[in-house]
Amino acid sequence: LRVSGAILASPKPCLPSHVSLSNKDVAIMYSMFGALYVEPSLRSAHEVFKLLFDDLDGHALSADHGTGAWNGFSYGEICFESFSELLNLLQPRPGGNFYDLGSGTGKAVFAAALGKHRFVSCHGVELVPTLHEAACQLADQMASLAKQLTDESL
């Protein structure tokens, strides 16, 4: 993927046609690769991101709604490292708002909120109920984690 001449990690690894990897294998590869290249100032944010999303399979949740009203939708996920780099390249204004339309489980929303760009608010809009519910549960977990960390620091 090219943005203003820079090359970011592609959303899916480029593999020869004879190689087949499961979504879990790809996630493990991203996790291993990302641990090496996370910008030092974002390491704790990346750890929180992994804590929230490591056990969530958004592809499986999306597949649950492969028929009916949601049939024409497609699902994809961001990688924390490459998304953070994309935000760095875009240089959003401090104090702005972040919106993700078709936010799925909320990965881009959480990555934006945890990043260094200091958005005033981060919002996701999702129509598929199972994906929206998963994102809401993660938001509750994040709020609980933030409260726990705040209580421990007092």
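A cavity is a set of points, on a 1 Å grid over the protein atoms alone, where a 1.4 Å probe fits but cannot get out; lining residues have an atom within 4 Å of a point. The model is predicted: local features need pLDDT of at least 70, side-chain atom pairs count only at pLDDT 80 or more, and totals for chains, interfaces and linings use all residues. Residues are numbered from 1 along each chain as its sequence is written, and side-chain values use heavy atoms, without hydrogens or water.

The count comes to 1 cavity of 30 Å³ or more. The largest cavity holds about 30 Å³ of space. Its lining consists of Leu42, Ser84, Leu87, Asn88, Ala111, Gly115, Lys116 and His117. Helix α4 gives the largest share of this lining, 3 residues. By class, the lining has 3 nonpolar, 4 polar and 1 charged (Ala, Val, Leu, Ile, Met, Phe, Trp, Tyr, Cys and Pro count as nonpolar, Asp, Glu, Lys and Arg as charged, and the others, Gly among them, as polar).

Helix α4 spans residues 80-90 and packs against helix α5, residues 107-114 (helices are DSSP runs of H or I, at least four residues, numbered from the N terminus). The angle is about 60° and the axes lie 10 Å apart. Helix α4 is therefore oblique to α5 (angles under 35 degrees count as roughly parallel, over 145 as roughly antiparallel, 65 to 115 as roughly perpendicular and the rest as oblique). Phe80, Phe83 and Leu87 of α4 make the contact with Ala108, Ala111 and Ala112 of α5 (heavy atoms within 4.5 Å). This contact has 6 nonpolar, no polar and no charged residues. Leu87 and Ala111 belong to the helix contact and also line the largest cavity.

Definitions and conventions. Axes fitted to C-alpha atoms, helices over the stretch in contact; angles between N-to-C directions. Helix = DSSP H or I, 4+ residues; strand = E, 2+ residues; numbered from the N terminus. 1 Å grid on protein atoms, 1.4 Å probe; cavity = no way out; pocket = protein on both sides within 12 Å on 5 of 7 lines; lining within 4 Å. Points joined across faces, edges and corners; volume = space filled by probe spheres on them.
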